[in-house]
Amino acid sequence: MTKVTTLAEAVASIPSGAHVALSGFAITRCTMAFAREVIRQGIKGLTISQCVGAMDADLLVGAGAVDRLIYGGGSLDRFGRLACVNRGIEEGTLIAEEYSSLSITFRYLAGSLGLPFIPIRSLRGSDLMKRLQEQDASQIALVGDPFTGDQWLALRPLLPDVAVIQVQVADEEGNAWILGPRWDNVEQAKSSQRTIVIAEQIVSTDLIRQNAERTVIPGFLVSHVVELPFAAHPTSVYRSYDYDAEQIEEYVAATQSPENFRAYLDRYVYGVKDHWEYLERVGGMRRLSSLRADETLGY
Amino acid sequence: MSLDYTPSELMAAAGARELQDHQVVAVGLGLPVVATFLAKQTHAPNMTILFELGVINPEPIHTGVGLADPRVWYRAQVLSSFVDILGTILHKGRVDVGFLGGLEVDQYGNLNTTLIGDPRAKFRHMVGSGGANDIASCARKTIIIMRHEARKLKKAVSFVTSPGYIAGGDSRSQAGLWGGPSRVITDKAIFGFHPETKQMMLLSIHPGNKLDDVLATMGFAPVVPPQVPYTEPPTNEQVRLIREVIDPQRMYMG
């Protein structure tokens, strides 16, 4: 059965206030087209989680779509910091639950395995742990090892309503390949109730069946499949296209003040009807062709 | 030894010297990458290099803007995941050395990458942990690389993102953690930690620097032994490898 649909329909399946896990990592495989459509549809009050804060989360926070961010810290690599996330934390408009990369990943892993909690060595002796203990309905607790009596930090699972995962290749049923490193994406998909796959390319199920060892997200977990080239622009997709340095620099400059950010949203999000108009706005085929990855390098 | 080198090149060579062949090393980007590749290309060819997001032993030929840049994944032997690298290797206890940098470090090697200011009042939020807290908590030892400035080497950090020896003494093992920082390498000196108090202890001063200046540009007083030698400078071959092979575009060495 085909699950292939439009980006607009996939996004419309997400209610305001939902917990959404996003696949981005700093400036790579970010769910940018998804984030822009969420903003255009006026979806609000989201909880966003990811193991390393990325450009997709920052854009959503900047546009006022997010109430709560559960993350392991993050940046836009050398391009700059997550200015919208940071401003939200500094001004108290964003509730941030700040962990480390591995502790977020373990929380997804516990969710994937159906475990009620998972012990971890990280966070202990840090102010991250103190902060998380002070938070309402704290998701961490010190517990004893039932076999040795040693003390451990236990984390509750993360159970998102939906994972949105940007991949290179999927079939119509949502069987998906992630080429290159996968960071926390597989655990995100498996801990979530359902997954939306955004694929650079949809291929035949025959091709998937002939190379099934590459499938990291099984189709039965997937509710919607959207085929959308350059959906992660201006971030990179390994073996598909490089990041667009000029566009990321323009974003970073815009995030330095709320007024400039508003103008950025007007130009690249509200001011375009859909992803196709966005691609024209950033320079169309001429620009995008220049970002195509080299086959042997992967970037 | 080389007479023509920059402070950054000396720091990279000093970092490389701390690494041994066959070790498993977790690195972020910047100077630690240069130190690690320098060790791998000289005395430690069998070292295993890990990047947290799921990369083992890459051989980049172009300089990247960060771990999220596919340039630094090039020719890796493994491309996998956080559970694979930070879970089954780091958390399992198989990482011998982790490299860390930060905004601020205190006399017990506690690192801050989260915020500057008063966390209960006015502050500026920065980048947070990423894998840094995990590496500080789970690696068998860590090496900290920092600029030598009083505002970075502080008596108390604004926020402990990644624990060192916490409050000194045995407070780290009391918190259930093994390992801890073994060295702090700055652009003026190299420090270790006192075996009992776990306070930062001056081990060597880089050639061209004076003890008074090293101490005056710190926010706390380290343990100073009666004799403090000069740091061994990089060799001509190390400087050549850094400039011609590892960082020809001078992205990391600035």
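Predicted model: local features only at pLDDT ≥ 70, side-chain atom pairs only at ≥ 80, totals over all residues.
**View 1. Chain B as a whole.**
Chain B holds seven helices and 13 strands. Its C-alpha trace extends about 45 × 45 × 35 Å along the principal axes. The radius of gyration of chain B is 18 Å, which agrees with the value near 18 Å that a compact globule of 254 residues would have. Of the 254 residues in chain B, 53% are buried. Among contacts in chain B with a separation of 6 or more, 66% join residues 24 or more positions apart.

**View 2. The nine-stranded sheet of chain B.**
In chain B, nine strands make an open sheet with mixed pairing, and their order is E4-E3-E2-E1-E5-E10-E11-E12-E13. Strand E4 (78-79) and strand E13 (200-205) of chain B are the edge strands, each pairing on one side only. At the E4 end, strand E3 (residues 55-56) of chain B and E4(B) are joined by two bridges in the antiparallel sense. Here B:Val55 faces B:Leu79, which belongs to E4(B).

**View 3. The loop between E3 and E4 of chain B.**
B:Arg75 sits in the loop between E3 and E4 of chain B. Its phi is positive, about 60 degrees, although B:Arg75 is not a glycine. Most residues other than glycine have a negative phi. B:Arg75 has 12 C-beta neighbours inside 10 Å and therefore counts as exposed.

**View 4. Helix H2 of chain B and its surroundings.**
Helix H2 (residues 31-41) of chain B is mostly covered, with 10 of its 11 residues buried. The buried residues of H2(B) include B:Leu31, B:Val34, B:Phe37, B:Leu38 and B:Lys40. Which elements do the buried residues of H2(B) pack against? The helices are H1 (7-17) and H7 (236-246) of chain B. The strands are E1 (24-26), E2 (48-51), E5 (97-100) and E10 (141-145) of chain B.

**View 5. The contact between chains A and B.**
Chain B brings 43 residues to the contact, and chain A brings 44 residues. On the side of chain B that touches chain A, helix H3 (82-91), strand E9 (123-125) and helix H4 (132-138) of chain B each supply at least two residues. The largest share on this side of chain B is the five residues from H3(B). Sorted by class, the side of chain B that touches chain A has 21 nonpolar, 16 polar and six charged residues.

**View 6. The two domains of chain A.**
Chain A is divided into domain 1, covering 7-99 + 159-289, and domain 2, covering 117-156. Between the C-alpha centres of domain 1 of chain A and domain 2 of chain A the distance is 30 Å.

**View 7. The three-stranded sheet of chain A.**
Three strands of chain A form an open antiparallel sheet in the order E5-E7-E6. Strand E5 (118-120) and strand E6 (140-144) of chain A are at the edges with a single partner strand each, so one side of each has no neighbour in the sheet. From one strand to the next, the twist averages 45 degrees. E5(A) pairs with strand E7 (residues 151-155) of chain A over three bridges in the antiparallel sense. A:Ile118 has A:Leu155 in E7(A) as its bridge partner. Helix H5 (residues 101-113) of chain A lies across E5 and E7 of chain A and runs at about 160 degrees to E5(A).

**View 8. Strands E3 and E4 of chain A.**
Strand E3 (residues 66-71) of chain A runs parallel to E4(A), and four bridges join them. The bridge partner of A:Leu69 is A:Ala96 in E4(A). Side chains alternate along strand E4 (residues 95-98) of chain A.

**View 9. Two backbone details in loops of chain A.**
A:Asp77 lies in the loop between E3 and helix H4 (83-91) of chain A. A:Asp77 has a positive phi of about 50 degrees although it is not a glycine. Is A:Asp77 buried or exposed? A:Asp77 counts as buried because it has 20 C-beta neighbours inside 10 Å. A:Pro234 is placed in the loop between strand E12 (222-227) and helix H9 (245-254) of chain A. The peptide bond from A:His233 to A:Pro234 is cis, and its omega is near 10 degrees. Most peptide bonds are trans.

Definitions and conventions
Residues numbered from 1 in each chain as written. Chains lettered and ligands numbered in written order. Rg over C-alpha atoms; globule rule 2.2 N^0.38 Å. Contact = placed C-beta atoms within 7 Å. Domains from an automatic or database assignment. Nonpolar A, V, L, I, M, F, W, Y, C, P; charged D, E, K, R; others polar. Pairing = 2+ DSSP bridges. Axes fitted to C-alpha atoms, helices over the stretch in contact; angles between N-to-C directions.
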